[in-house]
Amino acid sequence: MRTRAEANRQRWAILGVAVAVLVLSLVLLKSAYYQLVLTQVLLWAVLSLAWNILCGYSGYFSFGHAGFWGLGAYTVALGMMYFDLSPWISIPFCALVGAAAGAIIGYPTFRLRGHYFALAMLAYPLATLYVFQWLGYQELTLPMKREAPLLYMQFEDPRGYVVLALGLLVVALLISLKVENSRFGMSLMAIKQNEPAAEAAGINTWRWKMLALMLSGALAAVAGGLYAVILLVVTPETVFGMLVSAQALILALFGGVGSLWGPVIGAVVLVPLAEGLNAELGDVLPGIQGVVYGVAIIAIILLAPEGVYWRVLDRFSKRAPVSTGADLLVLRDIGISFGGLRALDGIDLTLPEGGLYGIIGPNGAGKTTLFNVINGFLDSDSGAITFAGEPITGLRPNQVCRRGVGRTFQVVRAFPRMSVLENVIVGAFIAAPTDAVARDMALAALERVGLVDQAEKIAGGLTTRELRLMELARALVPHPRLMLLDETLAGLGHDDLGGILGVIRQLRAEGITVLIIEHTMHAMVQLVDHFTVLDHGRLIATGRPQDVVRDSRVIEAYLGKKWSDRVAVPAK
Amino acid sequence: MPFSEVDFLQALAAGILVGSAYALMCIGLGIIFGSMNVINFAQGDFLMLGMYAAFYLTAGYGVLAFLGPYAGPIAAAFLAGPVVFALGWVLHRFIVSRVTGAGAAQTVGAGAYGQIIVTLGISLILQNGGLILFGSTPVGVRTPLSRQSWEIGDILLNQARVVSFLVAVTLAAGMYLFLSHTRLGKGLRAAADNPQAAIYMGIEVDRAHRLAWSIGVGITAIAGGLVATFQTFQPYVGFDFVIVMYAGVVLGGLGSNFGAFWGGLLIGIVQQMSTLVLPYQLQNTAIFVVFLLIIFLRPQGIFGRLSERA
């Protein structure tokens, strides 16, 4: 959720862009053709925003938004033909039609999830398409109203449509903004991340999903209604067809799903491109539009699956997909040698704040050395380390710790004669002005890792799991921003593992950036967002865990050449 | 009753004959869904490619023209399989594999839908690329069989459909044997169960998926080649069949190859029988309705395992 000030800024941005587009188009855009293209850009942007309200925020993907669009178009066309209804009346009425359709569709369909939901949504507009064909509405032409063109939204100057479509887009953007910044949007996003959890947290998921679909349907139908007025001809294929549904989601995905401006960006880039190519090459290459959309969507999924908007945003703010903030830890060209052994060699590593990162590597790969360099136990021979924007190269361990880097050790460094609580209080001194505060902080940390029951136990009698948790608590006390976990999972049985993994995930959820090293892949694959593989002091692979485990170099490092040939998937 | 007994039997017979071709294409889709858990929007367009492959192999300078008007189209339908198989292989290698299988984490923006969206993109490209290459004029694979019928009592059986039925059933049986009795087929099914675990065990899941995908589109293309002998088509024909296929596969039970066959057959029967009570144009709407009913009432299908709807 944005802050109020930010939302206000967004609102002004929307109005500012709208005014700018309005002025530019009214003054500069002389050709009626360009004005028509601009109108289409605006209308498709509205459809895509409508799609985004349901699908971008809630994660329920609709492959059938053509249904709403088509219903809107036919409402206007039929209203005008049979009831002499002006679009000024019928277009607002489309909102009701779209919302009603959304309610009717949503009621049964939200019982479905995933693939089934997608397939069902696909079926609605296509089934409707055949019905409209059968009803004989193959090609409806809106009657010309020469006696009262303005009353029937038939402007002589196409700029009239630009104004209308722009107005509609502004409304759609403001609605989206309102949704994003309210309980409504938050609930949808909670549904997207974990629906059962949202439900368990007291969110009425059913209600919000229904509302989202109805709002989405209403907006899409209104846009479809205006589309009918502008194109004057309505056929089932052009308004209920697959290309309409596809366009709605392609524009949003291209621009950036779940963002306010993503669908607009998608429409601004792709609609003129497809339209232009169609106008230039449509005679020789019919269907070029569809090819453009097909290529665009494949390219975006393969190259920038988060969409242009987020990708550009990342560029400027260096926001990695998994993280929330700027880069927390940056290592540049770190190298260190012990005698003739090059323990670390040219390590470059960047951790954006807020994620869960893993470093794996066989024994002797240099993992612990790397940690020792980061937290100041060792001075590197070369390279620089930046933490939270400040250089920490060469600082002493306690100075590094004070700046917010906590760490645990491969071999737990417990004070075996002291109680668990005392062990943790030691860690608290660094941050606490008085002992009483330190004690409170230590208890709070034990609470966080679920070890508060064992607080009075002597550390020497703890199980491996409890020791690890105690060490985690100790590192947590000074409220670090970055936690370095050194083989925290090693030597744990299956049952114990689950508990520790839960605590680590919890830390991440609380906003702490976690960097964990392990020499076994198994648990790490499930745990981390991002994986880096270290071998012989060098980084040999980095990426999403599922990709990294299949990297042939990684398999080679772990299993030897013979296996990498057999097991590895051909390099992509 | 608004229709006679003969009409009923006629529609039933037509349903079984047409349904067998549907059954074959459903097997193709079922292999893909069953082993990769991927919704392939482009399946109908691979079917369309199969139709055009068969068309170009027979019509005009078609290399199979020497086989004559009877054997030629059938041989062409068979050959459409390898042609589309090869195309499917390439597409999987360079595009599909990057968003499916164990290697694909959830695509960031699109969530779990990255794979569906990629196949949607492929579908748009094939459809519209087909329009550019093949033109929009409907064509058909001409065989004298399509205009001849055998009479059994009062029922007319279109010869092209009967031949297609025989071929489809034979091929379906072959596929069944392949999947259940060969090492390769068993491997495909094994890789389907738990790709992540399979990777750790050294099974080449990606390659298994590629094979499943290519076989799936190839089989569907052969079905397309068969349908092409009794129905005209244009580049957009795929979409009519996507829902036919999904209805069949879902009806049979997702992930059950055997079920996909019966599901497809049933959908063919529903489609043809619907013309008894519904206007001709609504026969596909009838399929949609059946499809939605299955999804809502029995998402695990007739033969499918009960699994969560996700």
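A residue is counted as buried if 20 or more other C-beta atoms lie within 10 Å of its own. In the predicted model described here, 60% of the 310 residues of chain B are buried by this criterion. Chain B contains 11 helices and 2 strands. From the N terminus, its elements follow the order α-α-α-α-β-β-α-α-α-α-α-α-α. Among the contacts in chain B between residues at least 6 apart in sequence, 77% join residues at least 24 apart.

The largest nonpolar core comprises 225 residues, and A:V46, A:A223 and B:F291 have the most contacts inside it. When neighbours within four places in sequence are left aside, B:F291 is in contact with A:A123 of chain A and with B:I243, B:Y246, B:A247 and B:V250 of chain B.

The contact between the two chains takes 49 residues from chain A and 51 residues from chain B. On the side of chain A that touches chain B, the elements giving two or more residues are helix 5 (114-134), helix 11 (242-255), helix 13 (288-303), helix 22 (545-548) and helix 24 (561-567). Of these, helix 5 of chain A gives the most, with 13 residues. Classified by type, this side of chain A has 32 nonpolar, 10 polar and 7 charged residues.

Attention then turned to a hairpin in chain A. Strand 3 (residues 327-338) and strand 4 (residues 341-352) of chain A run antiparallel and are joined by 8 bridges. Within this pairing, A:I334 stands opposite A:I347 of strand 4. The hairpin has 2 residues between its strands, and A:G339 takes a positive phi near 60°.

Positive phi values also occur in residues of chain A other than glycine. A:D84, which is not a glycine, has a positive phi of about 55°. This residue is found in the loop between helix 3 (66-83) and helix 4 (87-109) of chain A. A:D84 is exposed, because 10 other C-beta atoms lie within 10 Å and a residue with 12 or fewer counts as exposed. For A:H536, phi is positive and near 50°. A:H536 lies in the loop between strand 11 (530-535) and strand 12 (538-543) of chain A. A:H536 has 16 C-beta neighbours inside 10 Å and therefore counts as partly exposed.

Notes:
Residues are numbered from 1 along each chain as its sequence is written. Chains are lettered from A and ligands numbered from 1 in the order in which they are written. This is a predicted model: local features need pLDDT of at least 70, side-chain atom pairs count only at pLDDT 80 or more; totals for chains, interfaces and linings use all residues. Two strands pair if DSSP finds at least two bridges between them. Helices (H or I, at least four residues) and strands (E, at least two) are DSSP runs, numbered from the N terminus. Two residues are in contact if their C-beta atoms, placed from the backbone, lie within 7 Å. A nonpolar core is a set of buried Ala, Val, Leu, Ile, Met, Phe, Trp, Tyr and Cys residues joined through C-beta atoms within 7 Å. Ala, Val, Leu, Ile, Met, Phe, Trp, Tyr, Cys and Pro count as nonpolar, Asp, Glu, Lys and Arg as charged, and the others, Gly among them, as polar.
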